[in-house]
Amino acid sequence: MTESLTLAQQHLYTFQACRRRFYLRYLARVPWPEAPLGSQQEQAYERGRRFHRWIERQFLGLPPMEPSDNDPQLRQWWEIFQTQAPLLPDGHRFVETSLTVPVGRKGRHHLTGRFDLLIVSDEGDEPAAGLFDWKTGEPRPIERLRRAWQTRVYLYLLAEGGAALAPQKPDAFAPRRLTLTYWYVEEPQQPRVITYDDAAHRRNRIELEAIIAEIDDQLTTGEWPLTDDWTECRHCAYRAYCGRQAAGAGKLDPQEEEEPEPDDLWLEPQWG
Ligand code: SF4
């Protein structure tokens, strides 16, 4: 009997941080408990969600906000986005679009991601595909973003499966024609543009296959060890559950990219 999982970037990040947390959160579905900073963080996440929704609605040609949406912070972000959003190329726009491709041995699992904005353009000589990701959290250096699971997963998905979204322009999804732009509302004039190429894609594939093989190993043994890195526990809401209170309390794990997790991130094993 084999177990097939649909994995998003957050799952890989969590698995790398702590196998026990991955198990508790996504397989056993132990509720992520409230913590002292929980409500404040939740408020920040909710604001981020609404900001993304406003942008999505604008790109879809809908009124972005309700008249009752008068959160001053959101309004300020919105003003910044209206005046300092990155220059977007002409082309076909895909808003809040998901992409899923098979990964792992014999394509046993699936890798999935949801993009804020994808533009498939043919400006200049060649078609190209550009991803844009809106960030409301603390700006991160480009080197850290380059290593983030979000970057690796999104670019892999596009290179492997993007042509399904724009079958008339498959060449746009060659690795060297892909970019991912992170735009931070706190630093709107310094978008981080990450490029890709064949060599980076090969490395990315090796790393993704390696972590998925590790997940397979854990699924086989059924053992989900606690991390040796107690600093991880400082940011984990399962401290009491694991008996790791001695780690002390830090800000709850904001996930690698400081974006809210979608509500539907449960792993749904399929048995076959
Ligand atoms: S408290 Fe520590 S060991 Fe337990 S799930 Fe969280 S990070 Fe892992």
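Helices (H or I, at least four residues) and strands (E, at least two) are DSSP runs, numbered from the N terminus. The model is predicted: local features require pLDDT of at least 70, side-chain atom pairs count only at pLDDT 80 or more, and totals for chains, interfaces and linings use all residues. Residue numbering starts from 1 along each chain as its sequence is written.

The protein contains 9 helices and 8 strands. A residue is called buried if 20 or more other C-beta atoms lie within 10 Å of its own, exposed if 12 or fewer, and partly exposed in between, with C-beta atoms placed from the backbone. Of the 272 residues in the protein, 31% are buried. Two residues are in contact if their C-beta atoms, placed from the backbone, lie within 7 Å. Among contacts between residues at least 6 apart in sequence, 69% join residues at least 24 apart.

Helix 6 covers residues 149-161. In this helix, 12 of the 13 residues are buried, so the rest of the structure largely encloses it. The buried residues include Trp149, Arg152, Tyr154, Leu158 and Glu160.

Arg152 counts as buried because it has 23 C-beta neighbours inside 10 Å. Beyond residues up to four places away in sequence, Arg152 touches Asn204, Glu207 and Leu208. Arg152 and Asn204 are 52 residues apart in sequence, yet their C-alpha atoms are 6.4 Å apart.

Leu158 also belongs to helix 6. Leu158 is buried because 29 other C-beta atoms lie within 10 Å. Its contacts, leaving aside neighbours within four places in sequence, are Ala129, Leu131, Phe173 and Leu178. Leu158 and Ala129 are 29 residues apart along the chain, and 8.3 Å separates their C-alpha atoms.

A nonpolar core is a set of buried Ala, Val, Leu, Ile, Met, Phe, Trp, Tyr and Cys residues joined through C-beta atoms within 7 Å. The largest such core has 53 residues; Leu118, Ala129, Tyr154, Leu155 and Leu158 touch the most other members. Helix 6 supplies the largest share of this core, 8 residues.

Strand pairing was examined next. Two strands pair if DSSP finds at least two bridges between them. Strand 5 (residues 128-135) and strand 6 (residues 178-184) are parallel and share 7 bridges. Gly130 stands opposite Thr179 in strand 6. Strand 6 and strand 7 (residues 192-195) run antiparallel, joined by 4 bridges. Here Tyr182 stands opposite Arg192 in strand 7.

The ligand is surrounded by 13 residues, each with its C-beta atom, placed from the backbone, within 6 Å of the molecule. The closest are Cys18, Leu226, Cys233, Cys236 and Cys242. Helix 2 (19-27), helix 8 (230-234) and helix 9 (239-242) each supply at least two residues of the shell. Helix 2 gives the most, with 3 residues. The shell divides into 7 nonpolar, 1 polar and 5 charged residues. In this scheme Ala, Val, Leu, Ile, Met, Phe, Trp, Tyr, Cys and Pro count as nonpolar, Asp, Glu, Lys and Arg as charged, and the others, Gly among them, as polar.
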